[in-house]
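Trainee: Please take me through this entry one feature at a time, giving the general idea before the particular case.

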Amino acid sequence: MRLLTHNMLACNIKGVTKGYPLKIEATKTEEKETDFNAGFLRHIYPKLDWKALREAAASLGLEELPEQVEPSQLEDEDFLRRFHHVLLEIHLEEGALVCPETGRRFPVSKGIPNMLLNEDEV
Amino acid sequence: MWFLAFFAHRHLDFRIAEVESLVKLCGVEGQLQWKKPEGDHEHSPFYYFDLPSEEVAKKVAGRSILLKGLYEVWGSGHTVEEVEAGIRAYPEERKAPFLGEDVSFKVVVDGFGKAFTMEEQLQKMERFAFIPWKGPVRMKDPDVRFWIIDSLGGYDPLGLPPLQDRIIFFGREIGASERGVLGKYDLKKRRYIGPTSMDAEISFLMANQGLARPGSLVFDPFCGTGSCLIPAAHFGALTLGADIDIRVVKYGKRGHTIWSNFEQYGLTAPVAILRADNHQQPWRNDIRETFHAIVCDPPYGVRAGGRKSGGKKLLSGKAEPYVLTEQQKDGHIPSTAPYTLAECLHDLLDLAARTLVIGGRLVFFVPCSVPDYDPKQLPTHPILRLVANSEQLLTRKFSRRLLTMQKTGPYTDELAAAAAETSREFRERHVEIVEQSRNEEIKALLCSSKRGEEDGNEVEVANGDDGEDGDVPVTEGGVRDELRTYRAKWC
């Protein structure tokens with residue numbers, strides 16, 4: 001799974017109010033090339049939780065993203081390429097996503113996060 | 001400009017919807033104008049569409065699955081003489097640019113419901129020798145293709161009433177379909193499929209209805225082996241899939257997984273494949289207007305009925321939830337319970353209303369009873385407008401309809417409450433329909449084209465019954481036997 005997905009996922013256990021953002025525990029990450037599409041990046045930028053994306057990138061030791069993005073940067077190809085790389089080209093293959101409130105671990109294996117809840121959590 | 005459309009004789013109810021979607025995909029706003037040639041009926045392969053330019057027509061035809069092509073008609077009529085008169089009367093300035101010395105060309109002869117022999121084709125071509133072509137004939141990659149389409153007053157191969165009197169068209173090809181791409185995506189050649197994998201043709205139609213294109217994000221909450229997402233990825237969209245069954249999404253079969261299906265075709269791997277429950281979605285609450293399309297085949301079948309989290313006993317209050325110890329949590333497979341169609345559709349429409357961009361599309365199948373069909377049975381949502389409703393007959397009594405809904409405005413909490421109320425009414429109305437369709441489902445299963453395509457494959461039940469008390473009403477062997485009996489009788 002890519003960081004774009006991480007940015008959209010939350011812990012949905014009954015009663016949890018702050019199940020976002022999930023902490024990443026990575027044991028294996030991979031880089032996979034993805035077609036660059038500036039229009040898509042401009043579409044998705046305002047939907048993202050930028051702080052969560054920055055923190056996720058930092059926790060994986062990736063190149064730093066700026067704290068704030070100026071509208072002009074969304075026209076700048078250099079910036080968009082860096083943004084694209086972090087958002088879409090880094091895959092979490094093995095590890096876990098951890099709920100910040102309950103500490104519940106959602107395992108990620110073979111690139112697939114298991115977000116399914118147990119009987120006592122629905 | 002009016003263009004003649006010559007359709008492949010397949011999925012008749014999907015044809016106009018597909019053209020409408022593709023015209024929209026080309027950025028053309030407004031209602032598409034179309035008409036049938038004189039004296040024709042709705043099953044005709046010939047329609048006329050009013051499109052703003054040749055460029056649009058070329059794009060629409062190229063991406064279409066159900067069109068053979070779009071043509072500028074120079075002459076048409078019930079007899080060759082009428083066609084000739086038409087061509088002679090057609091404005092010189094429209095013809096001259098394509099008849100010059102430096103324009104290579106080819107003449108294609110086609111019919112409807114009949115293939116012409118080479119001799120017959122030559123005879124027909126000779127009849128048009130009066131056209132003053134000056135350029136060289138080139139069989140491969142000519143500059144222009146001219147088409148002689150002679151319907152011969154054909155009968156519908158399915159035994160429907162006669163289509164029309166003989167009608168002949170002579171026209172210049174503006175665009176031709178790349179339908180051949182379906183061969184590459186044929187399920188028979190796909191490495192990993194399950195019993196509910198969507199056949200290539202229908203899944204491409206779904207991607208077209210969803211306006212999949214580069215830069216769009218397409219989600220399938222019931223992705224299974226990825227068959228509804230693959231065409232979207234083929235058209236350059238980013239894809240995202242979820243499924244409740246971990247065996248399908250993670251383990252696959254004989255080393256092949258959903259990922260290897262994308263690899264097989266050289267497509268960009270999905271943004272993510274998740275194991276998740278449509279009823280307990282794992283998205284953060286404030287996700288709005290993010291997906292451009294949600295394209296799916298919700299589970300309603302016998303072999304892959306819907307499942308949601310929580311055991312049957314747990315949800316009905318007959319059992320207390322049991323708390324797992326840390327040790328048990330590793331590798332624990334949570335129970336699932338049956339998920340009714342009405343409930344599933346409510347969750348799906350709510351998901352679409354929340355997460356689609358405005359103008360984004362929800363494309364999904366619903367099962368319907370043919371004799372008792374009433375559009376009022378279809379699910380509705382205040383901000384999802386039904387833009388297409390195409391029926392695919394599975395048996396005489398049972399069909400499925402591909403619904404395309406377009407999001408018309410922003411999602412609010414009041415809307416969510418109103419939608420929940422609509423959904424409750426829908427659910428009550430639907431109980432009867434669902435009861436009935438259960439009896440019919442088996443027949444649908446037996447005659448549906450998507451099952452048929454899998455005959456050559458070894459298929460395993462991909463749907464999980466990993467719960468404590470699931471229902472798997474029909475066994476694999478039973479279905480195969482019934483299939484033979486049923487086909488011998490009806491197909």
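**Reading the features**

Trainee: Where is the place of B:Asp141?

Mentor: B:Asp141 is in the loop between helix H5 (118–126) and strand S6 (144–150) of chain B, where helices (H or I, at least four residues) and strands (E, at least two) are DSSP runs numbered from the N terminus. This is a predicted model, in which local features need pLDDT of at least 70 and side-chain atom pairs count only at pLDDT 80 or more, while totals for chains, interfaces and linings use all residues. Residues are numbered from 1 along each chain as its sequence is written, chains are lettered from A and ligands numbered from 1 in the order in which they are written, and side-chain values use heavy atoms, without hydrogens and water.

Trainee: What is the phi of B:Asp141?

Mentor: Most residues other than glycine have a negative phi, and most peptide bonds are trans. For B:Asp141, phi is near 50 degrees, a positive value in a residue other than glycine. In chain A, a cis peptide bond joins A:Tyr20 and A:Pro21, with omega about -10 degrees, and A:Pro21 sits in the loop between H1 and strand S1 (23–31) of that chain.

Trainee: At what angle do helix H3 and helix H4 of chain A pack?

Mentor: Helix H3 (residues 50–59) and helix H4 (residues 77–89) of chain A pack at about 70 degrees with their axes 11 Å apart, the axes being lines fitted to C-alpha atoms over the stretch in contact, and angles running from 0 to 180 degrees between N-to-C directions. H3(A) and H4(A) are therefore roughly perpendicular (65 to 115 degrees). Their contact (heavy atoms within 4.5 Å) is made by A:Trp50, A:Leu53 and A:Ala57 of H3(A) and by A:Phe79, A:Phe83, A:Val86 and A:Leu87 of H4(A).

Trainee: How many residues does the contact take from chain A and from chain B?

Mentor: The size of an interface is often given as the accessible area lost when the parts come together. Here 33 residues of chain A and 45 residues of chain B take part, and the buried area (accessible area lost, 1.4 Å probe, summed over both) is about 3300 Å², of which carbon and sulfur atoms give 61%. A:Met8, A:Leu116 and A:Glu119 supply 23% of the area that chain A buries against chain B, more than any other three residues.

How values were computed:
Buried area is the accessible area (1.4 Å probe) that two parts lose on being put together, summed over both. Angles under 35 degrees count as roughly parallel, over 145 as roughly antiparallel, 65 to 115 as roughly perpendicular and the rest as oblique.
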